[in-house]
Amino acid sequence: MESIKFIQTVANSTSNSTPTMAFLVSDEMLGTFVPIAVYWIYSGIYVMLDDLNQYRLHTKAEEEKKNIVSKGTVVKGVLVQQAFQIAISLLLFTFKNSDVRSFIQRQPSRYVIFLQFIVAMVVMDTWQYFMHRLMHMNKFLYKHIHSKHHALVVPYPYGAMYNHLLEGLILDIIVGVLSFLVSGMTPRTAIYFFSFTAIKSVDDHSAMWLPGNLLHVFFNNNSAYHDIHHQLYGTKYNFSQPFFVTWDKILGTHMPFTLEKRKEGGFEARPIKKINWS
């Protein structure tokens, strides 16, 4: 287990020896808590930009009218979801050997790390597409599980993880483990990967189109693309998340859109092909 050692030296005035205490924080533990901190920090940045109406995909009045849960309820729901993830992670850690020396792993080259990121992204996209689509196609799953997330017709950043606990297990925890194992990344690399995933998820739910956003430059799966899915007419389209749009295009669930300026300010993502309401 790779660990970061925090050394605290305690001076001993009555002895020539200097005792030290080493506090070990494993990379696995950091991989559990750092992405959560990143989630709230990045969400907080968007909250501070909330009054930039010229970049919003929905007006504030539309947000208040369409969403059927309060922001306080959403915050509580996300905290419960994250507490559940932490509990699962800590439970998994109890089955691991506590001998730090047995788990030391060297970081591979940057090229290998880049390839591991790509593999993990493909694994995550594939799993999430099919599980996400299943939750929409199966009426029982949608009604009792996934509809909680779609209570936010107008999404906002910190609502990205507002899910049923079972959905969080399937779409976040299980796919996280699969992405980690299949890619072969180290726990240290996982800290960065899952922090990046948290940023991407928050950004996709921001319902804002900020100029110069590099995530919009490198990914077609972005805030406008996912906003289409959250609208009542788009729930059978744009299932892909959080990185690519590949599976939507391959399986015919891709909904292209145009981004048009609103008269009252801001933007609106409008579908450019006929909607199948059946």
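This report covers helix packing, salt bridges and a nonpolar surface patch in a predicted model.

## Basis of the model

The model is predicted: local features need pLDDT of at least 70, side-chain atom pairs count only at pLDDT 80 or more, and totals for chains, interfaces and linings use all residues. Residues are numbered from 1 along each chain as its sequence is written, and side-chain values use heavy atoms, with hydrogens and water left out.

## Helix packing

Two packed helices are described by the angle between their axes and the distance between the axes. Helices here are DSSP runs (H or I, at least four residues), numbered from the N terminus. Axes are lines fitted to C-alpha atoms over the stretch in contact, and angles run from 0 to 180 degrees between N-to-C directions.

Helix H3 spans residues 71–93 and helix H6 spans residues 165–183. They pack at an angle of about 60°, with axes 10 Å apart. That makes H3 oblique to H6 (under 35 degrees is roughly parallel, over 145 roughly antiparallel, 65 to 115 roughly perpendicular, and the rest oblique).

Helix H4 covers residues 110–137. Its partner, helix H7, covers residues 187–204. H4 and H7 pack at about 45°, and their axes lie 11 Å apart. H4 is therefore oblique to H7. The crossing of H4 past H7 is right-handed.

## Leu79 on helix H3

Leu79 lies in helix H3. Its relative accessibility is 45%, so Leu79 counts as partly exposed (buried means under 20% relative accessible area, exposed over 50%, partly exposed in between, with a 1.4 Å probe and protein chains only). Leu79 and Met161 are 82 residues apart along the chain. Their C-alpha atoms are separated by 8.9 Å.

## Salt bridges

The structure holds 12 salt bridges (a side-chain nitrogen of Lys or Arg within 4 Å of a carboxyl oxygen of Asp or Glu). One of them joins Asp51 and Lys60, with the closest N and O atoms 2.5 Å apart. Asp51 is exposed at 57% relative accessibility. Lys60 is partly exposed at 32%. Both residues belong to a network of salt bridges that also links Asp50, Arg56, Glu63 and Lys71.

Within helix H7, Lys200 and Asp204 sit 4 residues apart, about one turn of the helix. Their side chains meet in a salt bridge at 2.9 Å, N to O. Lys200 is buried, with a relative accessible area of 0%. Asp204 also counts as buried, at 5%.

Glu268 pairs with Arg270 in a salt bridge, the closest N and O atoms being 3.1 Å apart. Glu268 is partly exposed at 25%. Arg270 is partly exposed at 37%.

## Nonpolar surface patch

Tyr111, Val112, Phe114, Leu115, Ile118 and Val122 make a nonpolar surface patch of about 540 Å². Patches are made of residues with over 30% relative accessible area and no salt bridge; nonpolar side chains (Val, Leu, Ile, Met, Phe, Trp, Tyr) are joined within 5 Å, like charges within 9 Å. Accessible areas come from the Shrake-Rupley method with a 1.4 Å probe; for residues, only the protein chains shown count as cover.

Val122 lies in helix H4. Val122 has a relative accessible area of 41%, so it is partly exposed.

Key:
Helix = DSSP H or I, 4+ residues; strand = E, 2+ residues; numbered from the N terminus. Left-handed = near helix turned anticlockwise from the far one by under 90°.
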